[in-house]
Amino acid sequence: MQTTIDVQIGNQHISIVRVGPTDATPILLVHGFPLDHTMWKNQIGALADAGFQVICPDLPGCGISSPIKGDTSMRRAADQLARVVDRLDVGPVVYCGLSMGGYIGWQFCLHHREKLSGLIACHTRSAADSEIVAKGRRVMAHSILQTGTAELAAAMPAKLFSLHAVAQEHAAVADVRSVIAATAPETIAAWQRAMAQRPDVTEQLPSMDIPALVIAGEHDTITPAAEMSAMAAQMADATMVTIAESAHLSPLEQPARFNEEVIQFLKSVS
Ligand code: MLT
């Protein structure tokens, strides 16, 4: 049975969807920017049905978690998720993060390795932003506080999904647009500022001694498959797959193929 629980970490409430046998291998599904746990709607039930324990948070400020107080960072979010894992008392988890969820995953791996049995890095990168990209994020953080989320909600799906999905108005495109529109501008601004200052972890990849699955999308232009492949090659124990006919959000665009890869990996580390 699927339950939604509220875990309080300091002054932050983090909402968690939890489903699946409590003695099964746990997988922590961490969404990307600026989304919430519904990004994993095709995984939550399917992974539980395959015999795994699914723990799926809304990051601070996202979904029904409480607003972010002050600033945040990839490290701070990783520390908060590590405390969630402790609080749930589930033992080591497989961390599966997409894009910004992946940036947080590197910090989880570097600072809370003992709480991990595996890492799934989806549509993400180890490099930091260039100064131009970081500046663009700070500009966007400032402007969204003045103008609200409507413009971002209208424009962003075209970058996240393949042309085909956008042209067909795939149901997931409309869902993602609604989630972005409903997210507080303060949340979007805080995560943009946090991503702009995230560290480059590329040199630390070889020291991340953990079984890993790296998932890219054939048509992903935000985190291109070629860059992810170079990243996977530097990791100590990583397998790389590229999902055909998908852009940046393969869990939504190609859920069956994505779930197949994830279930195979979960079996290999269980
Ligand atoms: C995401 O999907 O989380 C974003 O594309 C990450 C980013 O803006 O770098």
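Mentor: The lining of the largest cavity is made up of five nonpolar, two polar and two charged residues. Keep in mind that the model is predicted.

Trainee: Where is empty space left, and how does one find out?

Mentor: A probe the size of a water molecule is rolled over the atoms, and this shows where space remains empty. Here, one cavity of 30 Å³ or more turns up.

Trainee: How much space lies in the largest cavity?

Mentor: The largest cavity holds about 40 Å³. Its lining consists of Met 74, Tyr 103, Trp 106, Gln 107, Arg 125, Ser 126, Arg 198, Pro 199 and Val 201.

Trainee: Which helix gives the most to that lining?

Mentor: Helix 3, residues 100-111, gives the most, with three residues.

Trainee: Which helices each supply at least two residues of the lining of the largest pocket?

Mentor: Helix 3, helix 4 (131-147), helix 5 (150-155), helix 6 (157-160) and helix 9 (185-196) each do. Helix 4 gives the most, with seven residues.

Trainee: Where does the ligand sit?

Mentor: The ligand sits in the largest pocket. Around the ligand are Gly 32, Phe 33, Ser 99, Met 100, Tyr 103, Arg 137, Met 195, Ile 222 and His 248.

Trainee: How does the shell around the ligand split by class?

Mentor: The shell has five nonpolar residues, three polar ones and one charged one.

Trainee: Which atoms of Phe 33, Ser 99 and Met 100 lie by an oxygen atom of the ligand?

Mentor: For this, read the distances between N or O atoms, and note whether the protein atom belongs to the backbone or the side chain. With Phe 33, a backbone N or O atom is 2.7 Å from a ligand oxygen atom. With Ser 99, an N or O atom in the side chain is 3.0 Å from an oxygen atom of the ligand. Met 100 has a polar backbone atom 2.9 Å from an oxygen atom of the ligand.

Trainee: How much of the ligand's exposed area does the protein bury?

Mentor: The ligand taken alone exposes 270 Å², and the protein buries 93% of that.

Definitions and conventions. Residues numbered from 1 in each chain as written. Predicted model: local features only at pLDDT ≥ 70, side-chain atom pairs only at ≥ 80, totals over all residues. Heavy atoms only, no water. Near = heavy atom within 4 Å. Polar contact = N/O pair within 3.5 Å; in protein donor to acceptor, adjacent residues only side chain to side chain. Areas by Shrake-Rupley, 256 points an atom, 1.4 Å probe, with all protein chains shown as cover. 1 Å grid on protein atoms, 1.4 Å probe; cavity = no way out; pocket = protein on both sides within 12 Å on 5 of 7 lines; lining within 4 Å. Sits in = over half its atoms within 2 Å of the grid points. Nonpolar A, V, L, I, M, F, W, Y, C, P; charged D, E, K, R; others polar. Points joined across faces, edges and corners; volume = space filled by probe spheres on them. Helix = DSSP H or I, 4+ residues; strand = E, 2+ residues; numbered from the N terminus.
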